[in-house]
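Reader: Before I look at details, please show me how to read a model like this one.

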Amino acid sequence: MAAGASGGELAARCGISRFFGDQPSRTDFSHVRAGHGIQVDRVGAVADYRYELLGHLLSGNLFVEPYLVTLLPGAEPYVTFQHPGLKFLYLLSGEVRYRYGAKVVELGAGDSLLFEACALHGIEAIGTQPVTYLSVVFTLRD
């Protein structure tokens, strides 16, 4: 994905159906019991953002990364995440102000976002704590 590509440009090059085109032939299955996800250090991870990997798929053209993200007491806002793919975010607890490019939204428990992750994004301000959210990143394998 080219840096700086707009949503329309990305859709023109890579239709959303391409992300899910091989699904009928998939047989992957991942089961993670509550509290047994793998804590990982993600490349570019911000200090005091704890990532717990909740599953994985090993075949097909779609790479899925579901994480339970917990902001630890020393966590600071960070708005310069940027990577290929689509991101789904579901706030489980707390309140934050989330930035996506020039857009800013207030999120509370139960709110969600879905967006192309090639734009700068992240938590601009941390409100009520503790903050936990589900973050699922979908990318195409090369």
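Author: Start with pLDDT, the predictor's confidence in each residue, from 0 to 100. Here the protein averages a pLDDT of 82, and 77% of the residues score at least 70. This is a predicted model, in which local features need pLDDT of at least 70 and side-chain atom pairs count only at pLDDT 80 or more, while totals for chains, interfaces and linings use all residues. Residues are numbered from 1 along each chain as its sequence is written, and side-chain values use heavy atoms, with hydrogens and water left out.

Reader: Over which residues does pLDDT stay under 50?

Author: Where pLDDT is low, the predicted coordinates should not be read in detail. That stretch is residues 1-13, with eleven contacts (heavy atoms within 4.5 Å) beyond four places in sequence.

Reader: Is Glu-52 buried or exposed?

Author: Buried means under 20% relative accessible area, exposed over 50%, partly exposed in between (1.4 Å probe, protein chains only). Glu-52 is buried and lies in strand S2 (residues 49-53); strands (E, at least two residues) are DSSP runs, numbered from the N terminus.

Reader: What does the side chain of Glu-52 reach?

Author: The backbone nitrogen of Gly-37, at 2.9 Å. Gly-37 is also among the residues that Glu-52 touches, as are Pro-66 and Tyr-67.

Reader: Which strands pair with S9?

Author: Two strands pair if DSSP finds at least two bridges between them. Strand S4 (residues 78-81) pairs with S9 (residues 121-126) in the antiparallel sense over two bridges, and Phe-81 has His-121 as its partner.

Technical notes
Helices (H or I, at least four residues) and strands (E, at least two) are DSSP runs, numbered from the N terminus. Lys and Arg count as positive and Asp and Glu as negative; His and the chain ends are not counted. A salt bridge is a side-chain nitrogen of Lys or Arg within 4 Å of a carboxyl oxygen of Asp or Glu. A polar contact is a pair of N or O atoms within 3.5 Å; within protein, one must be able to donate a hydrogen and the other to accept it, and residues adjacent in sequence count only if both atoms are side-chain atoms.
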